[in-house]
Amino acid sequence: MLLAMPMLLGLASCSSDDVDEPVINPDEPQQELADYTIIYYGHGGGNLDYWLLQDIGQFYLSDTESRRNVSICVQYKFSTLKGMQEGYEEYKDEIDPNDPVQVEELEGIKSLYPYADKTSRLVVGREATAADMMADITGSFIGPDNAEITRPDSLANFIDWAARVCPARKYILLLADHGDGYLPHEEQPAADAAGATRVVVKDDGHNKIAFTAKTLAQAISQASVRLSTVYCDACLMNATSSWLP
């Protein structure tokens with residue numbers, strides 16, 4: 001998953017004559033357009049929280065100069081406490097207790113218990129450092145509204161929010177979560193958790209509802225900006241980018 005971040009952050013040097021119209025709120029102070037806005041939409045579920053936060057941390061470790069041309073918006077939903085605890089127990093049985101790195105990772109999973117069930121929405125500041133990440137996340141929790149990650153309007157609203165606070169010439173959506181793979185079977189209704197196919201995002205540990213390819217298409221069509229790229233950083237999704245027309 002870490003491989004996705006350098007690729008996306010490296011796009012700051014790219015340019016194109018095919019410029020999309022950004023969303024601009026006339027009631028807000030205008031800012032210089034970034035070349036790209038990365039829109040990171042993720043959910044831990046089970047034992048994944050710790051590892052996805054490492055990915056988010058890569059944004060903060062990136063060169064601050066590159067962030068003058070690339071804006072980064074994040075919405076992340078933590079797993080339930082039960083899911084985190086189960087993930088801790090599962091990983092505890094797998095690690096080498098004499099390996100200090102693995103022991104540190106195990107304790108890192110437990111350190112996230114206070115954030116269970118919460119959703120954070122934030123902008124990675126242009127001068128932010130790795131030391132700022134957890135303060136940004138804990139200081140940006142949003143209420144229950146728009147925290148239902150498997151609803152099309154939740155993602156569409158987040159895309160619109162990102163485009164409003166970080167207008168850019170191009171928008172990149174990065175979906176990070178458990179995924180069940182893009183299977184060549186008949187699409188199931190988005191609300192049908194059991195046996196849903198083409199699952200991109202799964203609200204694991206909350207309602208078990210799957211965010212399918214169909215739901216994703218609905219969300220993208222509802223958003224007020226056209227995405228240039230959708231990148232699936234999810235299990236069985238092959239971490240493959242899809243260029244949209």
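Glu148 counts as partly exposed, at 23% relative accessibility; buried means under 20% relative accessible area, exposed over 50%, and partly exposed in between, with a 1.4 Å probe and protein chains only. This residue is found in the loop between strand E4 (141–142) and helix H6. Helices (H or I, at least four residues) and strands (E, at least two) are DSSP runs, numbered from the N terminus. Glu148 is 29 residues from Thr119 in sequence, and their C-alpha atoms are 9.3 Å apart in space.

The model is predicted: local features need pLDDT of at least 70, side-chain atom pairs count only at pLDDT 80 or more, and totals for chains, interfaces and linings use all residues. Residues are numbered from 1 along each chain as its sequence is written, and side-chain values use heavy atoms, with hydrogens and water left out.

**Overall composition**

The protein has 7 helices and 9 strands. Of its 245 residues, 49% are buried. A contact means heavy atoms within 4.5 Å. Among contacts between residues at least 6 apart in sequence, 73% join residues at least 24 apart. The accessible surface comes to about 11,600 Å², and carbon and sulfur atoms account for 53% of this surface; such areas come from the Shrake-Rupley method with a 1.4 Å probe, and for residues only the protein chains shown count as cover.

**Helix H6**

Helix H6 covers residues 152–165, which is 14 residues, and spans 20 Å from its first C-alpha to its last, close to the 20 Å expected at 1.5 Å a residue. The expected span is 1.5 Å times one less than the number of residues. Because 10 of its 14 residues are buried, H6 is largely enclosed by the rest of the structure. Among these buried residues are Pro152, Leu155, Phe158, Ile159 and Trp161. Their cover includes strand E1 (34–43), strand E5 (168–177) and helix H7 (213–222).

Trp161 also takes part in a charge contact: the charged end of Arg121 sits over its ring, 5.0 Å from the centre. The rule for this requires NZ of Lys or CZ of Arg within 6 Å of the ring centre and within 35 degrees of the ring normal.

**Aromatic pairs**

Rings of Phe, Tyr and Trp (its six-membered ring) pair if their centres lie within 6.5 Å; planes under 30 degrees apart count as stacked, over 60 as edge-to-face and the rest as tilted. The count comes to 9 aromatic pairs. In one of them, the rings of Tyr40 and Phe59 have centres 5.8 Å apart and planes at 85 degrees, so the pair is edge-to-face. Tyr40 lies in strand E1 and Phe59 in helix H2 (residues 49–61), so the pair ties together parts that are 19 residues apart in sequence. Ring pairs also link Tyr76, Phe78, Tyr115 and Phe141 into a cluster.

**Cysteines**

A disulfide is a pair of cysteine sulfur atoms within 2.5 Å, and the count comes to 0 disulfides. The sulfur of Cys166 is 3.6 Å from the closest cysteine sulfur, in Cys73, which is too far for a bond.

**Accessibility of selected residues**

| Residue | Relative accessibility | Class |
|---|---|---|
| Tyr40 | 0% | buried |
| Phe59 | 0% | buried |
| Cys166 | 6% | buried |
| Cys232 | 10% | buried |
| Asp117 | 44% | partly exposed |

Asp117 is placed in the loop between helix H4 (100–110) and strand E3. The phi of Asp117 is near 75 degrees, a positive value in a residue other than glycine.
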